Amino acid sequence: MDRVVSLDPIITTTLFIFSFTLIMSNTIVTAAACTPKDSGPVIPTTPLITFLERVQEAALKTYGHKGFDPKLYVDMSLKQNLSTTVAAFDKLTRTANGSISVEELNGFLEKYLGGAAEDLVYVDPVDFVAEPEDFLPKVKSPEVRAWALEVHSLWKNLSRKVSGQVLENPDFYTMLPLENPVIIPGSRFREVYYWDSYWVIRGLLASKMYETAKGIVYNLISLIDEFGHVLNGARAYYTNRSQPPLLSSMVIDIYNRTHDETLVIRSLPALVKEHEFWNSGVHQVNIMDADGTNHSLSRYYALWNQPRPESSTTDRETASKLSNNCDKTQLYRELASAAESGWDFSTRWMRNESDLATLTTTSIIPVDLNVFILKMELDISFLAHVVGDAVTAGRFSEASQARKKAINSVLWNAEMQQWLDYWLSDSNPSKEEVYTWRRSGQNQKVFASNFIPLWIELFNSDVKMVDDVVLSLQNSGLVRSFGIATSLTNSGQQWDFPNGWAPLQHMIAEGLVRSGSKHARCVAKDIVVKWTRTNYVAYKKTGAMHEKYDVEKCGGFGGGGEYIPQTGFGWSNGVVLAFLEEFGWPEDLKLDC
């Protein structure tokens, strides 16, 4: 008995170790199964945003889905400190399903939270005049000129500056305290957005509003200085992702009009920093082509793996069909990464065209992103030459040549005469490892983004290639009666058929008209006429410029997606003015469809 008793602790300890090892082994296996799917970094949110997400969820339960916009609630501000507000919110009476009465929630919102638009105030742009000198000299039609002046006047409607209250109490707001006035897109988009700002600036340049344009650039530079990249938008809940990187294009276009070297000097360090953001860490992808040559390209990859705060209730609903929490975490990363792309949402990022939960944005090397970064490299090289920095100029010139080779090796499809997004294999190499290129990895579905390389000189200067790509565009099915469709799939997502978007029309048309191909220039003019006409007819019918348009209907504005169609609208205004400045409008050309 003594012997048996003396062995009990040993047996017990052995069994405990075995059991603990088994449990830990299972835990490790589970983690290993989950971790490779979502191994990226996360930038933490703030207590204010977390609380406003709770308010958003409560509002949905109380008010219901009809007319509900989740973004409204994370754009609200505090009237009292956060702890007092949270305590009052927690004391509200709730039913069994967690809903609050309409009367009680209305009372709470009125007492404790400020309206979503109160953190910005109207401001008259310092350089706005009702009819700028030498405005759109190529426009000969009085009717088109009158309309263009109305579009030009919309800059006053969309001009804002951050409220002094935000500067005094930044912790009470999700709005970031930018120094200079901004041009907002319009409607629910009550803050400055990154890639929207490029086409806003193109319109401002046509309107001779150079100081306003510079102010926008300086605001974006301040975001790089603080966060290391330009944010998706100027809200605290956007700090975990960027948007298509077009800041260098803004600087170049303003410099070409103003020759302001101070702007260049202030911009260069920020642009170099932004380039590093897109070419390191999770954004960088190494891939070996069919000839055994290694290349470095970039992808969208949000630094976030939870529901997007501005769409928290929507994202949770999208993820509700997934039973595995690891899969939900990955989906949240993919949703945020698609938002980083600006194409939120599109079948371009989906494995199953009918299921948003199959988003796989982080596993795709996108054509347009790499073209934007190639242009950034060319722009930095040019700007460095302007200030006499030959070393930086040479480094980025070399980088641009390497990226051009990578784009042509990995993304170009000679049979289709298009550049195609590349889908990475399911395996997830570490940063040091390299993917192996597979022909089957190219996504052969047609998207307008397949033709974005035409926008920059390195691709549009080859006349033979441009003619081949233009023929491919014309035969693709994308060129419709009233513009270029985003895709050929009518999925109900807003970045799909039949929606057309101003930035895509502009980049493709501008690239074609600047090429050496006469045929390409004719196609560009046709796109511009179609797009301008439908914008005009929609404006006359609705009294507004729209965020997107239905390219199948004259004057039809777009739909689909997770919010109702928006008006305003910054980049649509900018593209119309840029088109009219570059292409003009003859007096005898019909304007109605």
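Which residues line the second largest cavity? I started my notes there, keeping in mind that this is a predicted model.

**Entry 1: the second largest cavity**

I listed the lining of the second largest cavity and got I183, I184, P185, V192, Y193, D196, S197 and V200. I put its volume down as about 30 Å³. Helix 8, residues 194–206, gives the most to this lining, with three residues. By class, I have six nonpolar residues, one polar and one charged around the second largest cavity.

**Entry 2: the largest cavity**

How many cavities of 30 Å³ or more does the structure hold? I found two. The largest has a volume of about 280 Å³. I see 25 residues in its lining, and F189, Y193, Q243, D344 and Y563 are the ones nearest the centre. I sorted that lining into eleven nonpolar, five polar and nine charged residues.

I moved on to the open space. The second largest pocket holds about 590 Å³. I wrote down 22 lining residues for this pocket, with I252, D253, K375, W455 and R514 nearest its centre. Which helices each supply at least two residues of the lining? My list reads helix 8, helix 10, helix 14 (367–386), helix 16 (457–460) and helix 20. The classes for the second largest pocket come out as nine nonpolar, three polar and ten charged.

**Entry 3: the disulfide**

I checked the cysteines next. How many disulfides does the structure hold? There is one, and it joins C554 to C593 with an S to S distance of 1.8 Å. I have C554 in the loop between strand 16 (549–550) and helix 20 (570–583), and C593 in the segment after helix 20, so the bond ties together parts that are 39 residues apart in sequence. The torsion about the S-S bond is about 90 degrees, so I noted this disulfide as right-handed.

Then I looked at accessibility. C554 is partly exposed because its relative accessibility is 25%. C593 is partly exposed as well, with a relative accessible area of 37%. I also looked up C522, which counts as exposed because its relative accessible area is 54%.

**Entry 4: cis peptide bonds**

Most residues other than glycine have a negative phi, and most peptide bonds are trans, so I went looking for exceptions. The bond from D344 to F345 is cis, with omega near 10 degrees. F345 sits in the loop between helix 13 (325–341) and strand 8 (364–365). P498 is in the loop between strand 14 (483–484) and strand 15 (499–500).

**Entry 5: positive phi**

I picked out L136, which is not a glycine but has a positive phi of about 45 degrees. L136 is in the loop between strand 3 (120–122) and helix 6. I count L136 as buried because its relative accessibility is 2%.

H259 is not a glycine either, and its phi is positive at about 55 degrees. I placed H259 in the loop between helix 10 (247–258) and helix 11 (261–278). Is H259 buried or exposed? It is exposed, because its relative accessibility is 54%.

**Entry 6: H152**

H152 belongs to helix 6, residues 142–158. I read 0% relative accessibility for H152, so it goes down as buried. What does H152 touch, leaving out residues up to four places away in sequence? I listed F128, V129, A130, P132, F135, S207, M209 and L577.

**Entry 7: helix 12**

Last, I went along helix 12, residues 312–319, and marked S312, T313, D315, T318 and A319 as buried. What do the buried residues of helix 12 pack against? I have helix 2 (47–63) and helix 13 as their partners.

Terms used:
Residues are numbered from 1 along each chain as its sequence is written. This is a predicted model: local features need pLDDT of at least 70, side-chain atom pairs count only at pLDDT 80 or more; totals for chains, interfaces and linings use all residues. Side-chain values use heavy atoms; hydrogens and water are left out. Helices (H or I, at least four residues) and strands (E, at least two) are DSSP runs, numbered from the N terminus. Buried means under 20% relative accessible area, exposed over 50%, partly exposed in between (1.4 Å probe, protein chains only). Contact means heavy atoms within 4.5 Å. A disulfide is a pair of cysteine sulfur atoms within 2.5 Å. On a 1 Å grid over the protein atoms alone, a cavity is a set of points where a 1.4 Å probe fits but cannot get out, and a pocket is an open set with protein on both sides within 12 Å along at least five of seven lines; lining residues have an atom within 4 Å of a point. Grid points are joined across faces, edges and corners, and a volume is the space filled by probe spheres set on the points. Ala, Val, Leu, Ile, Met, Phe, Trp, Tyr, Cys and Pro count as nonpolar, Asp, Glu, Lys and Arg as charged, and the others, Gly among them, as polar.
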